[in-house]
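Subject: The structure we talked about

Hi there,

Here is the structure I promised to hand over. Have a look at it first, and then read on for what turned up in it.

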Amino acid sequence: MSENPMTNHPTPNQPTPHENMTNHDGFEQEDLSSRSALYFLAGLVLVCVVVYLIVFGMYRFLDSYATAHQPPMSPMVTPEADTRAVTPENAETFPQPRLEENERTQFRSFIEDQDRKLATYDWVDKDRGTVRIPIDRAMELIVQRGLPVHPEGASPAQSSAAKNSAPKDSAPVKKQTPKAAKTKAAASGK
């Protein structure tokens, strides 16, 4: 009997061998087994432990080798105390630069000191008559008196020389505030 090659091909309604492995709902029934994933994770943990033990042993060996082959200390050298361990008792004797002992309280005290300086009167240089005034009062004085204005094209040295050479009996020149100088310049068309 001769077989017809056309009879070996499946008909449209006949399932193919590949379709025999799948469900007719459209997904495969066989999945990756969870056992193989667990074996992989266990092997990964085992490899990590082995690598850790090898590195730990290598460092222990190198540390003991370095200690054993350390050259002897000269009898003229006195061993110094370990400066890495600082206790609150010896914080003042610790060499400079010292690290902060308590960052929050030290920073808070610094800020409070700066705020106190900004809000109080005090001498900066008593011999020259220089004082520090509160910042609020300084801002009020600048609003009242204005900032000094130098003539255009003159250097600060020339303007101070002109001020010193001015006659003493003349009326003082009123200093313009920057706002007033701008409005005058705008009115003149500059």
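Let me begin with the contacts. Among contacts in the protein with a separation of 6 or more, 16% are between residues 24 or more positions apart; a contact here means heavy atoms within 4.5 Å. Please keep in mind that this is a predicted model, in which local features need pLDDT of at least 70 and side-chain atom pairs count only at pLDDT 80 or more, while totals for chains, interfaces and linings use all residues. Residues are numbered from 1 along each chain as its sequence is written, and side-chain values use heavy atoms, with hydrogens and water left out.

**Confidence**

pLDDT is the predictor's confidence in each residue, on a scale from 0 to 100. Its mean for the protein is 75, and 59% of the residues reach 70 or more. One stretch to treat with care is residues 167-174, where pLDDT stays under 50. The model has 0 contacts beyond four places in sequence for that stretch. Where pLDDT is low, the predicted coordinates should not be read in detail.

**Overall layout**

The protein has 6 helices and 2 strands, in the order α-α-α-β-β-α-α-α along the sequence. These elements are DSSP runs numbered from the N terminus: helices are H or I with at least four residues, and strands are E with at least two.

Of the 190 residues, 3% count as buried. For these classes, buried means under 20% relative accessible area, exposed means over 50%, and partly exposed is in between, with a 1.4 Å probe and protein chains only. The accessible surface of the protein comes to about 18,300 Å², and carbon and sulfur atoms hold 60% of that. Accessible areas come from the Shrake-Rupley method with a 1.4 Å probe, and for residues only the protein chains shown count as cover.

**The hairpin**

How do strands E1 and E2 pair, in the parallel or the antiparallel sense? E1 (residues 122-125) and E2 (residues 130-132) pair in the antiparallel sense, over 3 bridges; two strands count as paired if DSSP finds at least two bridges between them. They form a hairpin with 4 residues between them, and Gly129 in the turn has a positive phi of about 80°.

Asp122 has Arg132 in E2 as its bridge partner. These two residues also form a salt bridge, with their closest N and O atoms 3.2 Å apart. Because Asp122 lies in E1 and Arg132 in E2, the pair ties together parts that are 10 residues apart in sequence. Asp122 is partly exposed at 38% relative accessibility, and Arg132 is partly exposed at 22%.

**Salt bridges in the helices**

How many salt bridges does the whole structure hold? The search finds 4, where a salt bridge is a side-chain nitrogen of Lys or Arg within 4 Å of a carboxyl oxygen of Asp or Glu.

In helix H3 (residues 103-119), Asp113 and Arg116 are 3 residues apart, about one turn of the helix. Their side chains meet in a salt bridge at 2.5 Å, N to O. Asp113 is partly exposed at 26%, as is Arg116 at 43%.

Helix H4 (residues 135-145) holds Arg137 and Glu140, also 3 residues apart, about one turn of the helix. The closest N and O atoms of their salt bridge are 3.4 Å apart. Arg137 has a relative accessible area of 33% and is partly exposed; Glu140, at 43%, is partly exposed too.

**Surface points**

Ala119 lies in H3 and is exposed, with a relative accessible area of 53%. The C-alpha atoms of Ala119 and Ile135 are 6.3 Å apart, although 16 residues separate them along the chain.

Which residues make the nonpolar surface patch of about 800 Å²? They are Val47, Val51, Val55, Met58, Tyr59, Phe61, Leu62 and Tyr65. Patches are made of residues with over 30% relative accessible area and no salt bridge, joining like charges within 9 Å and nonpolar side chains (Val, Leu, Ile, Met, Phe, Trp, Tyr) within 5 Å. Tyr59 is found in helix H2 (residues 34-68) and counts as exposed at 54% relative accessibility.

Best wishes
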